[in-house]
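My notes follow the order in which I looked things up.

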Amino acid sequence: IIGPMLRGERPTFSGQHYSAVEAINEPAPVRPIPIMIGGSGEKKTLRMVAQYADESNLIGANEDIPRKLDALAGHCERLGRDRSEITVTKLMMVAVAPTQEELDADFAAVAEVKGWNDAVMDAVRKNLVFGDADAVGEQLAEAVALGLDGLTVDLPVNGHRNASLEISSKAGKPRVQVGQQGAHVLAFDLVLELAACAIGQALGKKYPRHGKPPCRVGSPLGG
């Protein structure tokens with residue numbers, strides 16, 4: 001139902017859970033809106049990506065990325081879908097600050113607000129990519145190098161600290177903005193600049209090019 005509506009069609013559909021008669025999407029989008037399916041299930045989720053989606057947002061361990069990409073490619077082949085039509089990203093939970101001391105203070109502030117003890121915070125850290133801009137940037141680049149087209153970044157610890165942030169790449173690509181109301185996501189061409197700058201903690205650094213993957217910045221978790 002949604003896919004045809006986004007393409008300006010008026011679909012009629014009758015299914016077990018949803019039905020629609022000449023569904024209308026007005027006002028029409030000013031540009032194509034991609035459909036993203038998140039998850040890494042190799043039997044169902046990635047099959048749905050191959051069948052319906054424009055983008056796939058993986059989750060899980062980095063070492064699983066090649067196998068997930070192979071599974072997606074297999075589904076595309078069976079369904080007659082061109083794999084190159086699908087942009088594949090991965091969700092990365094990130095916390096970055098100019099110094100370890102500032103990062104520790106950010107973790108401590110979250111623990112105090114949430115009422116989390118040291119054991120809980122240790123578990124939180126195990127699910128995060130964290131450190132200064134250089135350390136985080138290297139880890140993000142390593143993930144992309146496994147075959148991803150880009151990254152989706154969530155900033156649960158300290159992404160709220162800057163009221164607004166605008167970053168442009170050297171080539172004048174679209175900007176990434178992070179505000180108090182969340183994040184507005186656009187692509188730009190420096191993965192390591194994302195690590196250093198888009199998270200809003202280490203402005204002013206420049207890093208080598210690592211291709212042109214789409215980069216997204218997620219809004220921080222609520223209280």
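How many helices and strands does the secondary structure of the chain come to? I count seven helices and 11 strands. For these I took DSSP runs, H or I of at least four residues for helices and E of at least two for strands, numbered from the N terminus.

I noted the ground rules next. This is a predicted model, so local features need pLDDT of at least 70 and side-chain atom pairs count only at pLDDT 80 or more, while totals for chains, interfaces and linings use all residues. Residues are numbered from 1 along each chain as its sequence is written, and side-chain values use heavy atoms, with hydrogens and water left out.

**Whole chain.** The chain has 223 residues, and 40% of them are buried. Buried means under 20% relative accessible area, exposed means over 50%, and partly exposed is in between (1.4 Å probe, protein chains only). The chain exposes about 12500 Å², and carbon and sulfur atoms supply 52% of that area. I used Shrake-Rupley areas with a 1.4 Å probe. I also looked at contacts, meaning heavy atoms within 4.5 Å. Of those between residues at least 6 apart in sequence, 58% join residues at least 24 apart.

**Helices α2 and α3.** Two packed helices are described by the angle between their axes and the distance between the axes. I looked up both for α2 (residues 45–52) and α3 (residues 65–79): the axes come within 9 Å and cross at roughly 50°. The axes are lines fitted to C-alpha atoms over the stretch in contact, with angles from 0 to 180 degrees between N-to-C directions. α2 and α3 are therefore oblique to each other. Under 35 degrees counts as roughly parallel, over 145 as roughly antiparallel, 65 to 115 as roughly perpendicular, and the rest as oblique.

Which residues meet here? From α2 come L46, R47, V49, A50 and Q51; from α3 come K68, A71, L72, H75, C76 and L79. I sorted the residues of this contact into seven nonpolar, two polar and two charged.

**V144.** I found V144 in helix α6 (residues 133–144). Is V144 buried or exposed? V144 is buried, at a relative accessible area of 13%. K90 is 54 residues away along the chain, yet the C-alpha atoms of V144 and K90 are separated by 8.6 Å.

**D132.** D132 sits in the loop between β6 (129–131) and α6. Its relative accessible area is 32%, so D132 is partly exposed. Leaving out residues up to four places away in sequence, D132 touches V96, A97 and P98. D132 and L103 are 29 residues apart in sequence and 8.2 Å apart in space, C-alpha to C-alpha.

Note on methods: Ala, Val, Leu, Ile, Met, Phe, Trp, Tyr, Cys and Pro count as nonpolar, Asp, Glu, Lys and Arg as charged, and the others, Gly among them, as polar.
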